[in-house]
Amino acid sequence: MHRASRRVSDGMLGRLVRRAAGRGRGRLHLSSGVWFHLILHRIRALLARKLRARRSPRSSWQLADGEAVRLIDAALDAAAAQSAPHEVLVVVRDQPITRAAMARLREGAWLNDELVNGYLGLVAERCAARGDARGRVHVMSTFFYHKLAAGASYNYEGVSRWTREVELRACALVLFPINLGNAHWIVVALDVRKRHFDVWDSLHGRHHACARMLRRYIIDEWLQKYGERTAAAEWTCVPRDDAPRQHNGFDCGVFVCAVARCLALGVPIDVSQDAMADIRRRIVFELMRRRLKLRACENGAAVVGGHAAT
């Protein structure tokens, strides 16, 4: 057995043996030798999981209190998701979240528009509740870019009315969560005062076509809404090389939700692959409560162009 396993107490080994043996008991009639190897294999797998959990530092995203854990586990119940997939668990800013959608927040699943729009709606609500003194934040729907870039061609008319009740020019930060080709999530952050776009992609793509599309939209928006003619050179765009990086093919939507939250609340972006499980569970909890539960680093953070004030 691996050297690290020797540090595990005899008590833990005893519990692991009982768990491993109990899982297979009564299912198959195998020789004692085969059972021994099966149990040993299970012990090694359980032991590795225990050791990983011990080594993993607790992230600031983790929710450990009993009430939160029970609420999260109930919302993610696999049997309930299969038996009643269309049951609406919660409605967030007119966005119904079904059991089937919530199940996508279990580890290994890809987030859909329903979840991203619902969660970033909570982020927008929290920012609005804090008032304009810290900088107004506006979050576009994930469907905005679908309309703007319909058929890979520019379509300002399709979105010209999306901001009829929003004064983008008065915002400090505008967030564009984007589903690229129904295959990958990114978020683009516009610092309105600096006239600058940041592209946050957990796979570190460049997305020049996407940036050109959004820059053209803002130029048309400023002209149509405010009568202000601006040149493309006035609106800069940079893919963020310091964006947190994902190490799998399914966590991009979670990265988008977490990065957008940090930008909107004006705190350092403490998002990593190691924290994904905790972030997924926090999203579930906050969706079910229909409000964000601020972390210690988020209390009192001021938003200035999407970054923490100093």
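## Helix 6 against helix 9

The axes of helix 6 (residues 113–129) and helix 9 (residues 252–265) come within 10 Å of each other and cross at roughly 10°, where axes are lines fitted to C-alpha atoms, for helices over the stretch in contact, and angles run from 0 to 180 degrees between N-to-C directions. Helix 6 is therefore roughly parallel to helix 9, a label given to angles under 35 degrees, with those over 145 counted as roughly antiparallel, 65 to 115 as roughly perpendicular and the rest as oblique.

On the side of helix 6, V116, Y119, L120, V123, R126 and C127 take part, and they meet C257, A260, R261, A264 and L265 in helix 9; contact here means heavy atoms within 4.5 Å. The residues of this contact divide into 9 nonpolar, no polar and 2 charged, with Ala, Val, Leu, Ile, Met, Phe, Trp, Tyr, Cys and Pro counted as nonpolar, Asp, Glu, Lys and Arg as charged, and the others, Gly among them, as polar.

## Basis of the model

This is a predicted model, in which local features need pLDDT of at least 70 and side-chain atom pairs count only at pLDDT 80 or more, while totals for chains, interfaces and linings use all residues. Residues are numbered from 1 along each chain as its sequence is written, and side-chain values use heavy atoms, with hydrogens and water left out.

## Helix 3 against helix 10

For helix 3 (residues 66–75) and helix 10 (residues 276–289), the axes come within 9 Å and cross at roughly 90°, and the two helices are therefore roughly perpendicular to each other. In this contact A68, V69, L71, I72, D73 and A75 of helix 3 meet R281, V284, F285, M288 and R289 of helix 10, and by class the residues are 8 nonpolar, no polar and 3 charged.

An open sheet of mixed pairing is formed by 5 strands in the order 3-4-5-6-7, where two strands pair if DSSP finds at least two bridges between them. Strand 3 (137–139) and strand 7 (236–239) stand at the edges with a single partner strand each, so one side of each is left without a neighbour in the sheet. Direction ignored, neighbouring strands of this sheet are turned by 20° against each other on average.

Strand 3 runs parallel to strand 4 (residues 173–180) and is joined to it by 3 bridges; H138 stands opposite V174 in strand 4.

## The chain as a whole

The chain has 10 helices and 9 strands, these being DSSP runs numbered from the N terminus (helices H or I, at least four residues; strands E, at least two). Of its 310 residues, 47% count as buried, that is, under 20% relative accessible area, with exposed over 50% and partly exposed in between (1.4 Å probe, protein chains only).
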